[in-house]
Amino acid sequence: MSAASKQATLLFVLFTGAAALSHPDYHKGAADVQKNSSVYPLLLQRTWKGIQDMEGDELYVAAQQMLPVLVLGLAAAYYFKKNAKMPEHDHLMKEPDMQAWSSGPFDCFQNLPIAAWACCCPGVRWAGNLDQVKLLDFWPAFAIFLSLELIGMIPSLYASGLLLLGIMVYYRNQMRRMFNMPNANAPMTVCGDCAFVCCCSCCAIAQEARHLEIACKINHEAVAAQRAMMEEAPEQQGA
C-alpha cells in the first residue's frame, strides 16, 4: 500500500469513527462496541446495526437503490480507468498562473466531457483527479466515495454524506497546497470549500479536473511525476 493510500485509510477511519461516536445509539451499545472493537471496525458495526434495524420493505427498497449504483459505478470506473489518458504536454502553450483555480466554479461548459463525468459519475471523476496528482490511487479513492455513497442509502446512516464532504474538502485543500494557492487550509478557505462542495459537489470536482488538465498540458510539477510513471509503465511491460 502506498503512502497516499495509508494516509487516506487513516483519514477515512478518523472521519468514520467520529461519525459513529456521534450516532445516537452509540452510548446505548457502548459496552458491546468496546468488547468487539478489536474485531470489527466501528463503522461496520454501526452499518450492520442500521441494516438490522431495517424492516423488510425498507431493506428491499435500499437494496434496489444500491444495486444499480454499485453495478453502474463499477462499470463506469473500469471504463474510465482503462481509457483515461493524461493530456499531452503542449510545448507551445503559455503557462498560466496556477496559484489560483484556472476556471470559475460554474464554468462547467468549458469542457463538456469533464462536466459529463463529474455530473453523471462524480466518484469516478474525483478518483481520477486524485490519481493524476497521486494524492491517492484511483481505486482506493473510488472505493471510499462509492462506499460512503452506498452507506448513505441506509436509513439512520445518512450522515455518512458528511464524512464524504469532509474527505472531499480535505483533498481539495491538499490540491491547493500542491499548486501553492494562497490560504490553503485556512479556516475561511475550508468553510468556503465546505459550502461549495455541499451545494454543488459536481461543480467542485469539474473545476479541479479542468485545473489538472491545464496542469498536464504545461507539465506542471504537480503532475510531472505521474506522467513519468505512466510513460515508464509500457516500457517496463515491453521489456
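Cys200 and Cys203 are joined by a disulfide, with 2.4 Å between their sulfur atoms; a disulfide here is a pair of cysteine sulfur atoms within 2.5 Å. The model is predicted, so local features need pLDDT of at least 70 and side-chain atom pairs count only at pLDDT 80 or more, while totals for chains, interfaces and linings use all residues. Residues are numbered from 1 along each chain as its sequence is written, and side-chain values use heavy atoms, with hydrogens and water left out.

## Cysteines

A disulfide is a covalent bond between the sulfur atoms of two cysteines. The structure holds 1 disulfide. The link of Cys200 and Cys203 is right-handed, with 55° about the S-S bond. Cys119 is in no disulfide, and its nearest cysteine sulfur, that of Cys120, is 4.8 Å away. For Cys121 the closest cysteine sulfur is also in Cys120, at 6.0 Å, which is too far for a bond.

Buried means under 20%, exposed over 50%, and partly exposed in between, with a 1.4 Å probe and protein chains only.

| Residue | Relative accessible area | Class |
|---|---|---|
| Cys200 | 22% | partly exposed |
| Cys203 | 9% | buried |
| Cys119 | 54% | exposed |
| Cys121 | 21% | partly exposed |

## Overall make-up

The protein has 11 helices and 0 strands. Helices are DSSP runs of H or I with at least four residues, strands are runs of E with at least two, and both are numbered from the N terminus. Of the 239 residues of the protein, 41% count as buried. Among the contacts with a separation of 6 or more, 73% are between residues 24 or more positions apart; a contact means heavy atoms within 4.5 Å.

## Helix α5

Ile114, Ala115 and Ala118 are the buried residues named in α5. They lie on the same side of α5, because they cover an arc of only 100° around the axis. That arc is taken from the directions from the helix axis to the C-beta atoms. On the other side of α5, Leu112, Pro113 and Cys120 are exposed. The buried residues of α5 pack against α6 and α10.

## Three buried residues

Val169 is placed in helix α8, which covers residues 160-178. With a relative accessible area of 4%, Val169 is buried. Not counting residues up to four places away in sequence, Val169 touches Val190, Asp193, Cys194 and Val197. Val169 and Val197 are 28 residues apart along the chain, and their C-alpha atoms are separated by 7.2 Å.

Helix α8 also holds Asn173. Asn173 is buried, at 1% relative accessibility. Its contacts, leaving aside neighbours within four places in sequence, are with Ala184, Asn185, Thr189, Val190 and Asp193.

Glu208 belongs to helix α10. At 3% relative accessibility, Glu208 counts as buried. Neighbours within four places in sequence aside, Glu208 is in contact with Trp101, Trp126, Asn129, Arg172 and Met175.

## The largest pocket

Rolling a probe the size of a water molecule over the atoms shows where empty space is left. The largest pocket holds about 490 Å³ of space. A pocket is found on a 1 Å grid over the protein atoms alone, as an open set of points where a 1.4 Å probe fits, with protein on both sides within 12 Å along at least five of seven lines; lining residues have an atom within 4 Å of a point. Grid points are joined across faces, edges and corners, and the volume is the space filled by probe spheres set on the points.

The largest pocket is lined by 21 residues, and the closest to its centre are Phe80, Ala84, Lys85, Met86 and Gln132. At least two lining residues come from each of α4 (56-83), α5 (112-120), α6 (122-132), α10 (201-217) and α11 (221-238). Helix α6 gives the largest share of the lining, 4 residues. By type, the lining divides into 10 nonpolar, 5 polar and 6 charged residues. In this division Ala, Val, Leu, Ile, Met, Phe, Trp, Tyr, Cys and Pro count as nonpolar, Asp, Glu, Lys and Arg as charged, and the others, Gly among them, as polar.
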